[in-house]
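Hi,

Here is the structure I promised to pass on. Have a look at it first, and then read my notes below.

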Amino acid sequence: MRSRFAIFPSLLLALVATAAHAAAVLPAPPPELARWYKPQNERQVWLHNMFQLRRTLQAVEMYLDAGDRQRALAWAERFREHYGAVAEMVPAWSEEIDGEAVERLVAALGPAGTGSAGHELRRIRLTCKSCHGDYRAVVAALYRAPDYGSITVAGEGEEASQTLAEAMESLSHEVNGVLIALQDERPAAAAGHAAALERGLERIRPSCASCHRDAPPVERILGAATEEALRMLREAIAAGDQRAAGRQVAEVAVTVCARCHGVHRTLGDLRRVIDAALE
Ligand code: HEC
Ligand code: HEC
Ligand code: HEC
């Protein structure tokens, strides 16, 4: 097996965390991998082949343990096909797989039964682990992390539409507007910002459907619990209860803003950093 840095030294991508003065170096996946992912392909072909690898390998091990060598052999042959597809799809990764170990595995399970199937399975497992250690996170970030570049939301007032990033600036403006007004005991201004915050969240709701076809993710972030928190915020402001209003703003900031950012913004930022480093 080649050393991790031997083949594509020029493609190494450096993610430099300047603040910490630390640099983490990750190897870049071969560019031809893009052909096996959306948008170049209609399906996430590479990932689906990986699921096949896991399933077929599990079946081999299961039947081997159960002493059913005939079924183990049939699954080993299926596994060989999917394992070989790794090198066919991405020739630059031919050396990441151990083709000879699979041949020996099939031979060990065949009628002649030469060699140790268990030994070959362990060798094959090492190739999974090695490639995953180098590439799995980067590939998932590059090809499967969400991309918000083309998402637009309805604008407020005159503005016809906004990018998601612009909509986020407005949300942030309204959240802080409420907090500033509360601190200065200006309830009417606080109520105005809280109402604008509610409208802002309604304006981003349709954008969720660009990626989520099912209702539960939207319900989780913008559903009944959020409506309730916003209602309590409105009431606390109206009642002049500054402390309770502050608590409700914090509630929304955590259960709406931070929860959504944890999945979406972190992945989107990673994708952008890695894309930029690869250019
Ligand atoms: C979809 C779930 C989602 C929700 C809900 C959400 N955000 Fe965001 N937010 C994002 C994403 C995605 C980005 C990154 C946008 C991009 O990279 O283009 C972002 C970025 C931001 C930014 C940085 C904008 C920039 O210039 O890049 C701020 C500030 C922000 N959000 C504030 C908020 C506040 C405040 C709330 C709650 C009231 C909120 N967001 C709710 C997804 C969300
Ligand atoms: C040449 C590199 C390479 C080899 C060898 C490899 N993988 Fe992968 N595997 C990947 C990459 C890259 C990903 C990330 C794909 C993604 O997230 O879209 C991945 C992801 C996976 C996943 C999906 C993980 C998840 O739960 O989301 C499974 C399952 C998997 N591999 C199984 C295997 C098995 C089993 C083997 C060994 C028989 C193996 N892989 C060998 C590169 C490889
Ligand atoms: C550009 C694509 C994109 C947009 C737009 C988007 N999401 Fe997501 N979201 C994802 C991806 C990718 C994941 C992680 C994998 C998954 O769950 O599909 C995710 C995960 C989630 C999760 C966590 C998983 C779950 O099902 O509980 C929630 C909640 C969620 N999104 C809510 C929202 C809401 C609410 C909006 C709109 C305000 C939104 N998303 C907009 C791509 C997007």
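A polar side-chain atom of His261 is 2.8 Å from a nitrogen atom of ligand 1. Before I go on, some ground rules: this is a predicted model, in which local features need pLDDT of at least 70 and side-chain atom pairs count only at pLDDT 80 or more, while totals for chains, interfaces and linings use all residues. Residues are numbered from 1 along each chain as its sequence is written, chains are lettered from A and ligands numbered from 1 in the order in which they are written, and side-chain values use heavy atoms, with hydrogens and water left out.

**Ligand 1**

Arg272 has a polar side-chain atom 2.8 Å from an oxygen atom of ligand 1, and an N or O atom in the side chain of Glu169 is 2.9 Å from an oxygen atom of the ligand.

The shell around ligand 1 has 18 residues, and the closest are Met168, Cys257, Cys260, His261 and Arg272. A residue counts as near if one of its heavy atoms lies within 4 Å. At least two shell residues come from each of helix H5 (164-183), helix H6 (187-208) and helix H9 (242-278). Helices here are DSSP runs (H or I, at least four residues), as are strands (E, at least two), and they are numbered from the N terminus. By type, the shell has twelve nonpolar, three polar and three charged residues.

**Ligand 3**

Ligand 3 also sits in the largest pocket. A pocket is found on a 1 Å grid over the protein atoms alone, as an open set of points where a 1.4 Å probe fits, with protein on both sides within 12 Å along at least five of seven lines; lining residues have an atom within 4 Å of a point. A molecule sits in one if more than half of its atoms lie within 2 Å of its grid points.

The iron atom of ligand 3 is coordinated by His212 (NE2) and His264 (NE2), at 1.9 Å. This pair links distant parts of the chain, with His212 in the loop between H6 and H7 and His264 in helix H9, 52 residues apart. Donors are N, O and S atoms within 2.8 Å of the metal (3.2 Å for Na, K and Ca), and water is not among the atoms, so sites may look incomplete. The site is octahedral, with angles of 88 to 179 degrees among its six donor atoms. Six donors count as octahedral if opposite ones are over 155 degrees apart and all others between 65 and 115.

Of the 15 residues around ligand 3, the closest are Cys208, Cys211, His212, Pro217 and His264. Helix H7 (216-222) gives the most to this shell, with four residues.

**Ligand 2**

What about the second largest pocket? That is the space taken by ligand 2. The protein donors of its iron atom are Met50 (SD) and His132 (NE2), 2.0 to 2.2 Å away. Met50 lies in helix H1 (residues 45-65) and His132 in helix H4 (residues 117-144), so the pair ties together parts that are 82 residues apart in sequence.

For polar contacts, Tyr37 has a polar side-chain atom 2.4 Å from an oxygen atom of ligand 2, and Arg144 has one 2.7 Å from an oxygen atom of the ligand.

The peptide bond from Lys38 to Pro39 is cis, with omega near 5 degrees; Pro39 is in the loop between strand S2 (22-26) and H1. Glu185, in the loop between H5 and H6, has a positive phi of about 55 degrees although it is not a glycine.

Cheers

Definitions and conventions
Polar contact = N/O pair within 3.5 Å; in protein donor to acceptor, adjacent residues only side chain to side chain. Nonpolar A, V, L, I, M, F, W, Y, C, P; charged D, E, K, R; others polar. Tetrahedral: all angles 85-135°; square planar, octahedral: opposite > 155°, others 65-115°.
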